[in-house]
Amino acid sequence: STWGSTAVGQLGKKLVMSHKYYYNVSPCQNRILQKAWDQHCYSLHQQKLKEAKAQIDDTPPKTYIHVHLRLKKLQVDEERLAVIERDNRLLLEKMSRIMRTGGSVDNHNDY
């Protein structure tokens, strides 16, 4: 046993320790009560160790939908595509007008 070597025991019964060989760290008036108190504190300590939780948060950070969705980028892309579509439509109209009229040169100055 860890508390002393003069324990009295019988078969089938728990070992009973002698209070004479219990040495505590701080001075006390009653060794038996101090031993019981120390054992109680130690059992509470053991229970707290079993119930201890990790102090380091290893979970991934929260993901927010507005960060990944990027609404402003989608809006800018839509506006850019609208400008490209408008420019393409204007070019197509100019090309069709050139094909219909024969494509005359319009850089003549009438002085």
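Let me start with one pair. E93 and R89 sit four residues apart in helix α3, which spans residues 71-101, so about one helical turn separates them. Their side chains meet in a salt bridge, at 3.3 Å from N to O. By salt bridge I mean a side-chain nitrogen of Lys or Arg within 4 Å of a carboxyl oxygen of Asp or Glu.

Some ground rules. This is a predicted model, in which local features need pLDDT of at least 70 and side-chain atom pairs count only at pLDDT 80 or more, while totals for chains, interfaces and linings use all residues. Residues are numbered from 1 along each chain as its sequence is written, and side-chain values use heavy atoms, with hydrogens and water left out.

Back to the pair. E93 is partly exposed at 42% relative accessibility, and R89 is partly exposed at 44%. Partly exposed lies between buried, under 20% relative accessible area, and exposed, over 50%, using a 1.4 Å probe and protein chains only.

How many salt bridges does a search of the whole structure find? The search finds two. The other joins the side chains of R86 and D87, at 3.7 Å from N to O. R86 has a relative accessible area of 41% and is partly exposed; D87, at 32%, is also partly exposed. As background, side chains of opposite charge can pair when their charged atoms come close.

Now the chain overall. The protein chain has three helices and zero strands, in the order α-α-α along the sequence. Helices here are DSSP runs of H or I with at least four residues, strands are runs of E with at least two, and numbering goes from the N terminus. Of the 111 residues in the protein chain, 3% are buried. The chain exposes about 11300 Å², and carbon and sulfur atoms supply 58% of that. Accessible areas come from the Shrake-Rupley method with a 1.4 Å probe, and for residues only the protein chains shown count as cover.

Which residues form a nonpolar patch on the surface? They are I65, L69, L71 and L74, with about 410 Å² of accessible area together. Patch residues have over 30% relative accessible area and no salt bridge; nonpolar side chains (Val, Leu, Ile, Met, Phe, Trp, Tyr) are joined within 5 Å, like charges within 9 Å. Helices α2 (65-69) and α3 each supply at least two residues of this patch. L71 lies in helix α3 and is exposed, at 57% relative accessibility.

Last, disulfides, meaning pairs of cysteine sulfur atoms within 2.5 Å: the count is zero.
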